[in-house]
Amino acid sequence: VGHSMPVAVAGRKTPNYRKDIVFNIIAAYEPVGMEEWTQVARVYRVMAKETIDRDPADVRRYFIEKLCNKNKTPTGVAAPDPITARAQKFYRAILVKSQAGSFGDSSDSEVEDD
């Protein structure tokens, strides 16, 4: 008599993110707004061969909290993980890019005096 593996019915467990894939996509896209993070989530689904898109906010949170180590600088003697160091570099570039975009938005609200 053959035995089959039990299947979890209560809920499906989402597989862990693959650091290398997330990093490479973010390095290519440098996402700022949620529309760009949505694109990152879609590309991740394809690259990781998953069947369902990830929540863009979850992808962003994973990048900042896990890959960038919440952008903390390492303490002690140990060198940071190479991916973490590179991810923090991209995170800073994304922040600069997002701040540059916000400067353009403020020019519309300026009022000239006559």
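Is Glu-30 buried, partly exposed or exposed? At 24% relative accessibility, Glu-30 counts as partly exposed; here buried means under 20% relative accessible area, exposed over 50%, and partly exposed in between, with a 1.4 Å probe and protein chains only.

## About the model

This is a predicted model, in which local features need pLDDT of at least 70 and side-chain atom pairs count only at pLDDT 80 or more, while totals for chains, interfaces and linings use all residues. Residues are numbered from 1 along each chain as its sequence is written, and side-chain values use heavy atoms, with hydrogens and water left out.

## The overall fold

The chain has 4 helices and 0 strands, and reading along the sequence gives the pattern α-α-α-α. Helices (H or I, at least four residues) and strands (E, at least two) are DSSP runs, numbered from the N terminus.

Of the 114 residues in the chain, 24% are buried. Contact means heavy atoms within 4.5 Å. Among contacts between residues at least 6 apart in sequence, 48% join residues at least 24 apart.

## The nonpolar core

A nonpolar core is a set of buried Ala, Val, Leu, Ile, Met, Phe, Trp, Tyr and Cys residues joined through side-chain atoms within 4.5 Å. The largest one here has 21 residues, and Val-22, Ile-26, Tyr-44, Phe-63 and Leu-67 have the most contacts inside it. Two or more residues come from each of α1, α2, α3 and α4 (82-106).

Helix α1 has Ile-21, Val-22, Phe-23, Ile-25 and Ile-26 buried. Not counting residues up to four places away in sequence, Val-22 touches Tyr-17, Tyr-44, Tyr-62 and Leu-67. Asn-24 also lies in helix α1, but Asn-24 is partly exposed, with a relative accessible area of 48%. Asn-24 and Ala-87 are 63 residues apart in sequence, yet 9.5 Å apart in space, C-alpha to C-alpha.

Helix α2 covers residues 34-47, and its 14 residues should span 20 Å at 1.5 Å a residue; the end C-alpha atoms are 20 Å apart, which agrees. The expected span is 1.5 Å times one less than the number of residues in the helix. Buried residues in α2 are Trp-37, Val-40, Ala-41, Val-43 and Tyr-44, and the buried residues of α2 pack against α1 (19-29) and α3 (56-67).

How do α2 and α3 sit against each other, and at what angle? They pack at about 85°, with their axes 8 Å apart. That makes α2 roughly perpendicular to α3. Axes are lines fitted to C-alpha atoms, for helices over the stretch in contact, and angles run from 0 to 180 degrees between N-to-C directions. Angles under 35 degrees count as roughly parallel, over 145 as roughly antiparallel, 65 to 115 as roughly perpendicular and the rest as oblique.

On the α2 side, the contact with α3 is made by Met-34, Trp-37, Thr-38, Val-40 and Ala-41, and on the α3 side by Pro-56, Ala-57, Val-59, Arg-60 and Phe-63. By class, this contact has 8 nonpolar, 1 polar and 1 charged residues. Ala, Val, Leu, Ile, Met, Phe, Trp, Tyr, Cys and Pro count as nonpolar, Asp, Glu, Lys and Arg as charged, and the others, Gly among them, as polar.

Most residues other than glycine have a negative phi. Glu-30, which follows α1, has a positive phi near 40°. Glu-30 lies in the loop between α1 and α2.

Lys-49 is not a glycine either, and its phi is positive at about 55°. Lys-49 follows α2 and sits in the loop between α2 and α3. At 76% relative accessibility, Lys-49 counts as exposed.

Ile-94 is found in helix α4 and counts as buried at 7% relative accessibility. Leaving out residues up to four places away in sequence, Ile-94 touches Ile-26, Glu-30, Pro-31, Val-32 and Phe-63. Ile-94 and Ile-26 are 68 residues apart in sequence and 9.5 Å apart in space, C-alpha to C-alpha.

Asn-69 lies in the loop between α3 and α4 and is partly exposed, at 38% relative accessibility. Beyond its neighbours within four places in sequence, Asn-69 is in contact with Ile-64, Thr-84 and Gln-88.
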